[in-house]
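Please look over the sequence and the structure shown here before reading on.

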Amino acid sequence: MAIIGCASKIIWKMPVKRTPKVAIIGGGIGGLAAALALHRRGIEVAVYEQSAEIKEIGAGVNMSPNALKAFRLLGVEDAMVEIGHHTKATMARNYKSGRVIRRQENSAGGLEARFGAKFLTIHRADILDVLAGALPDNIFHLGHQCTGVAPGDRASVARFKNGREIEADIIVGADGIRSAVRASMFGAGEPRFTGCVCWRGMVPMEALRPEDRVMEMTAWWGPHGHVVHYPVRRGTLMNFVAHFDSDAWAEDSWTEECDLVELTDTFAGWNDYLHRLFRTSDKYYKWALYDRDPLKAWGRGTVTMLGDAVHPMLPYLGQGAGTASEDGCVLAELLATGPDDIAGALRAYEGLRIPRTTKIQAGSRARAKFNHLPSRFERFKRDVSMAIKTRIGSDKTMMQSDWIYEYDVKDAAREVGEGTVQTPDG
Ligand SMILES: Cc1cc2nc3c(=O)[nH]c(=O)nc-3n(C[C@H](O)[C@H](O)[C@H](O)COP(=O)(O)OP(=O)(O)OC[C@H]3O[C@@H](n4cnc5c(N)ncnc54)[C@H](O)[C@@H]3O)c2cc1C
């Protein structure tokens, strides 16, 4: 410990860990979770977002126990639970008859006891509000559209469409599936159209008939598609997303409006409940789903990435926002307590995250087939196998996702703190 003497006081200069200045490109859920994780670790951080405000679309997401455990590390778990909807059960139903294929209890004694956190359904804008509210205002730089980065060994540079250029010790690309950060390091390659189109809507719960106010997270599985609905915002709104295999349309805009007739035609013959739900909405949006193949490297020099910028996945395991939040937590732990060499710390972060996110990307693709089986016989086999798994208790999640939900980012953080994380050099 060094002692620095001044005229009036003695400052004890502790051997502090360096606090690198981190620039995050992109203020979505992944970018803000990372910003909060770094901020809580005392690391100086700035967020550069292309939009004029920090905002999300009017849609819901489900956040499984692994995501809630990341929120716990970020100190915002209670706030998320307060504004979300604690889904007491998850159900899979037959698309036509409504027969319950499987029901999974999520509250005490069920999923929550097994995985140590709740299963939450929540409005995307609420997640962003909670994260942004926990951060100082002065870290946000809005209207900054990144056009590329120049990775260096000691510091890196990001350029913006507005002519600005910044240098930071570390740059983190959290700029979504069409990431400019990714493009400037690994080429612009187009994302892969997955052959699935979604329609979404959000309705006030009180606009539904009392018997239609289903509070469980419910998925209706049918040939070539499935429909999911669940409450958000303390149960005051019902969010629905209807998925169908189709090559007829391939725009990945989240805000493209469409007419009710597209939904009623596509899901003709599906259960009446769904049609009542569709009709209650006054706006419908559609978008095509894209993903990418996993990357073996996520960065160069002092640039790295997280979330959809580097592991965009189909939403069928409900893990894109959850894994993006985990990324930020692990990154912050590595920078706070990991190897001193910054590039080494970033490669160690990538080494910890790539195997998990690669497996979840692959699982999400496989799940698309499982949910949309066109053959009646294959669906029958699937449903019987799920019923057996429920009976013998071999799958606690309805999605064979035990290994995903078990993950506690705090354990990854502890490994880092204990120095058991290896840099690529050893
Ligand atoms: C239908 C559907 C359902 C889903 N359901 C779930 C679910 O239930 N659970 C779950 O966990 N996940 C779900 N996801 C996935 C989840 O939405 C995403 O994985 C998550 O939002 C990714 O967050 P992100 O911050 O990495 O990227 P984004 O949300 O894409 O945020 C990127 C941010 O970067 C900004 N940006 C982009 N380019 C630039 C640039 N050049 N310069 C500066 N800023 C830029 C954008 O404006 C945006 O603010 C779903 C996705 C879909 C499509």
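Helices, of at least four residues, and strands, of at least two, are DSSP runs numbered from the N terminus. The structure described with these elements is a predicted model.

## Surroundings of the ligand

The ligand is surrounded by 33 residues. Closest to the ligand are G26, G28, G176, G307 and G320. By type, the shell comprises 16 polar, 14 nonpolar and 3 charged residues.

Three elements, α1 (29–40), β5 (60–63) and α9 (320–337), contribute at least two shell residues each. The largest share, 4 residues, belongs to α9.

## The buried face of α5

Helix α5 spans residues 124–133, and its buried residues are R124, D126, I127, V130 and L131. These buried residues line one face of the helix, because they fall within an arc of 165 degrees when seen down the axis of α5. In general, an α-helix has 3.6 residues a turn, so residues three or four places apart point the same way.

The buried residues of α5 are covered by elements including α1, β5, α3 (77–83) and β9 (120–123).

## Two loop residues with positive phi

Most residues other than glycine have a negative phi. H224 has a positive phi, near 70 degrees, and lies in the loop between β16 (217–222) and β17 (225–232). H224 counts as partly exposed because 15 other C-beta atoms lie within 10 Å.

R233 also has a positive phi, near 45 degrees, and is placed in the loop between β17 and β18 (237–245). R233 has 20 C-beta neighbours inside 10 Å and therefore counts as buried.

How values were computed:
Residues are numbered from 1 along each chain as its sequence is written. This is a predicted model: local features need pLDDT of at least 70, side-chain atom pairs count only at pLDDT 80 or more; totals for chains, interfaces and linings use all residues. A residue is near a molecule or strand if its C-beta atom, placed from the backbone, lies within 6 Å of it. Ala, Val, Leu, Ile, Met, Phe, Trp, Tyr, Cys and Pro count as nonpolar, Asp, Glu, Lys and Arg as charged, and the others, Gly among them, as polar. A residue is buried if 20 or more other C-beta atoms lie within 10 Å of its own, exposed if 12 or fewer, and partly exposed in between; C-beta atoms are placed from the backbone. The arc is that of the directions from the helix axis to the C-beta atoms. Two residues are in contact if their C-beta atoms, placed from the backbone, lie within 7 Å.
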